[in-house]
Amino acid sequence: MNINFWLNGVCINCEAEPDMILLDLLREKGCYSVKRGCETSNCGLCTVLMDGTPVLSCSILAVRAEGHKITTLEGMQKEAEEFGSFLADEGADQCGFCNPGFLMNVFAMLQELKDPSEEDILEYLAGNLCRCTGFAGQTRSILKFLQYKKEQKEADNA
Amino acid sequence: MKYVNQPVRKSDSMALVTGKPVYTDDISPKDCLIVKILRSPYANAWIEEIRTGTAQQTSGIACVYTYKDVPQKRFTLAGQTYPEFSPYDRLILDRHLRFVGDAVAIVAGETEAAVDKALKRIKVKYRVEEPVLDIHTAKDNAVLVHPEENWEAKVSFVGADNKRNLCASGKEEKGDVDEVLSRCKYTVDRVYHTKANQQAMMETFRSYCYIDHFGRLNVVSATQIPFHVRRILGTALDIPSSKVRVIKPRIGGGFGAKQTAVSDVYPAFVTWMTKKPSKLIYSRYESQICSSPRHEMEIRVRAGADENGIIRALDVYSLSNTGAYGEHGPTTVGLSGHKSIALYRHTEAYRFSYDVVYTNVQAAGAYRGYGATQGIYAVESAVNELAAEMGMDPVTVREKNMPVEGGPIPGYGDCGDIAPSCAMDRCMERAKEMMDWDAKYPCRDMGNGKVRGVGVAMAMQGSSIGGVDVGGADLKLNEDGSYTLGLGCSDMGTGCDTILAQMAADCLNTPMENIVVFGVDTDISPYDSGSYASATTYTTGNAVIQACDSLIEKIRTLGAQMLNVAPEETEFDGEAVTAGEKKVSLKEIAIKGTCGNSQELQVTRTFSSPLSPPPFMVGMAEVEIDRETGSTRVVDYVAVVDCGTPVNPNLARVQTEGGIAQGIGMALYEDVQYSPKGAVRNNSFMQYKIPSRMDIGSIRVDFRSSYEKSGPFGAKSIGELVIDTPCPAIMNAIYNASGVRIRELPATPEKIAMGILENEMKVQN
């Protein structure tokens, strides 16, 4: 089937088999940040944004992207570097395999929640598994990033 | 010192956090044949007939292989130094299928769809036999998992016998345990059962292969053991291992799973036969049903203490389930005794005996802790039960008996059974303070049907396999004055590439940015056993230090030559070689190295230690139990670790937090379960629940460091140790909160609720 969609701001026209899932199409298009950790919508590694909303690309048919704006970490490199350096400074990047899906959901959370508490953060990101860190370092990095952003905003206002 | 003991960012961090294509599947050639495996539906069956004709004729199929096509020499997939303790009990494909999921046929084709279609077209007639599924009846069972004549134990003293379903058996003892136990005022005799767990690293098993311009087999693999994979593939394919090159890119976690060459043989065989590139990416389903989970163990502990609470005797018997193949079977069981009995320094007598049995379930393998986790759960739980018998605080009994620096670690089997460095006492003191133990022990009623209890456990591990593991470091000075550090150990996300560069930077007195780390490529990297057995920091770290010292000598020698002085007169400060007023910069020496020079500015150093100095730690758990439902949550976990000098405190902290979380999974949730016919029940993340961030309460980590003289910058290991305390500490906390002893993991709400009910009924009666 022929589909048209926006991938990281670029209009894509391509063929996709009816049973192809979005995850495979995105990797085929060179978005290797999109990872598969399971086949059962449990791990969150394949998280991408569809019109700004986080979705599991393993559980969406490629043809469903028709007419939508898909964003992967390849399209958010500046943001990835900015938040990613907080993650790295905690040593919580570790093996890195879950990082892209985690970051995409963190970005969605930052859009959606104003001033989230630690509990809000854990709940929002509950679907993003990580086997290396025990999550504590990831949480620290988010809290420190939020504090940094807050201070940055205050400095801008002042 | 500028870098060691500093929380330096991992050198590969920015590539990882920005999602760069650095993992095996990201960099595999686009025209790879897709390899998949047809798997046995039966736990014990023989292939009577297998027809592949129509499968082979499927459009897009390159090849279909069965047991008739593969070499007939047996091998092991265990990543161990040759000769492996694990028996040679495998073929790439075998007529005899030994577990549900065992490989029946290999199919490779141009697309996944074609391969899936061909898999369905293979027609197999099986002769189904009764499987051996119960560890208690496996030994000397009439049904043999490995009846074949060419089964081979490379190392005779492990006590393996395929005609008895034994992968290993043995006994070690000191003194007369029964006699000492009979004199003890307090004794316990208990059986503890730990289950198989999946490492569940986020990146499943995978590799791709291609033939290079010399006709050699190149294997890019997500592995912890590149050099062992090279040997294993040589043996399995029956080709010289000089024909095999293994490259390790970034890998998405291992935790020991990738210390077994679980999936490499299949694409390697396809590429060797077809000469075409191929890849095999295990699904999560395959990673759940045919991989290398933790050995299930049933451990009986008899422990005795005198009237003063001094533990005088320990008797440990481990019955371990290696499954259908023997990978890591004979070695993991050893740690269940060596790392547990050694925690009690006053024992006059101990006995450690074991049987490792074959059964018709997926083969077990290496998982962080490697048997120590199971043994420490059992012995620490028995000591907690002994403390209850004595009416003693479980912290107090440990304070009386714990290992001390320079004191005995009975039966450890290394370091002369003496702890060369140990800060367990300070770990306990700090943990007590962090947990506010005295105020919280044993429990607090929170109202609303909830009760909180605290529990404690100690743990130790090793730092490398003493006298076996080999670390390698290759260091050269480049033309521009930078260094390249070539490593053969396998960074699996833990950050060893970074911490080894930290050490090198301090030795060479140069910025870390001036050191390029390279690894791993078996053609280029120095030999290294690999990243397992908590060896890398200690073993490869020492090799790095020695390489730096040797290279500095060479830099001084060349510098001295340039300055027309004797090498002994020179000094090197990282930037220049000086002799009194005379001075030549590192950059000038580096350039001199490339012009009219006959002295290599490159060294390779290899290090192996006869010692394996143990790291130590104390874990304390606080759990909250709902008395009505048995629902239990670890609300707080305190871990205080003596890993010697933490080379990178951030990475050491995250190692600890990650290990504790995995341990909480083992304690409360994770259990690889089988149907009565031997099929894995929890074959996806839907059923096999690893902890999410909602399941883990606070984990608080601190360090109390001893200084290990034989270690690099005083360091010992940390990677495995940190998974050893959660099971016993949490079970202790559950008991202190509810009075329920959980002796079979995991501690599910059902077990706890039923235990509470049973206790209430006992009181009523």
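From the N terminus on, the elements of chain A follow the order β-β-α-β-β-β-α-α-α-α, with five helices and five strands in the chain; helices (H or I, at least four residues) and strands (E, at least two) are DSSP runs numbered from the N terminus. The model is predicted, so local features need pLDDT of at least 70 and side-chain atom pairs count only at pLDDT 80 or more, while totals for chains, interfaces and linings use all residues; side-chain values use heavy atoms, with hydrogens and water left out. Residues are numbered from 1 along each chain as its sequence is written, and chains are lettered from A and ligands numbered from 1 in the order in which they are written.

**Confidence**

- The model scores ipTM 0.98 and pTM 0.98.
- Chain B has a mean pLDDT of 97, and 100% of its residues reach 70 or more; pLDDT is the predictor's confidence in each residue, from 0 to 100.

**Overall form of chain A**

- Along the principal axes, the C-alpha atoms of chain A fill a box of roughly 50 × 35 × 25 Å.
- Of the 158 residues in chain A, 56% are buried (buried means under 20% relative accessible area, exposed over 50%, partly exposed in between, with a 1.4 Å probe and protein chains only).
- Among the contacts in chain A with a separation of 6 or more, 56% join residues 24 or more positions apart; contact means heavy atoms within 4.5 Å.
- Chain A exposes about 6,900 Å², of which carbon and sulfur atoms supply 50%; accessible areas come from the Shrake-Rupley method with a 1.4 Å probe, and for residues only the protein chains shown count as cover.

**Aromatic pairs**

- The structure holds 16 aromatic pairs over all chains; rings of Phe, Tyr and Trp (its six-membered ring) pair if their centres lie within 6.5 Å, and planes under 30 degrees apart count as stacked, over 60 as edge-to-face and the rest as tilted.
- B:F85 and B:F157 form an edge-to-face pair, 5.5 Å centre to centre with 85° between the planes.
- Because B:F85 lies in the loop between β3 (61–65) and β4 (96–97) of chain B and B:F157 in the loop between α4 (135–138) and β7 (166–174), this pair ties together parts that are 72 residues apart in sequence.
- B:F85 is partly exposed at 33% relative accessible area, whereas B:F157 is exposed at 62%.
- B:Y192 and B:Y377 also pair edge-to-face, at 5.6 Å centre to centre and 75° between the planes.
- B:Y192 belongs to strand β8 (residues 186–194) of chain B and B:Y377 to helix α10 (residues 372–390), so their pair ties together parts that are 185 residues apart in sequence; both B:Y192 and B:Y377 are buried.
- In chain A, ring pairs link A:F83, A:F86, A:F102, A:F145 and A:Y148 into a cluster.

**Charges over rings**

- The charged end of B:R90 sits over the ring of B:Y325, 4.0 Å from its centre; the criterion is NZ of Lys or CZ of Arg within 6 Å of the ring centre and within 35 degrees of the ring normal.
- B:R741 lies over the face of B:Y735, 3.4 Å from the ring centre.

**Two buried residues of chain B**

- B:S13 lies in helix α1 (residues 13–17) of chain B and counts as buried at 0% relative accessibility.
- Leaving aside neighbours within four places in sequence, B:S13 is in contact with A:A88 and A:D93.
- B:I341, in helix α9 (residues 329–341) of chain B, counts as buried at 2% relative accessibility.
- Leaving aside neighbours within four places in sequence, the contacts of B:I341 include B:L314, B:V316 and B:P410.
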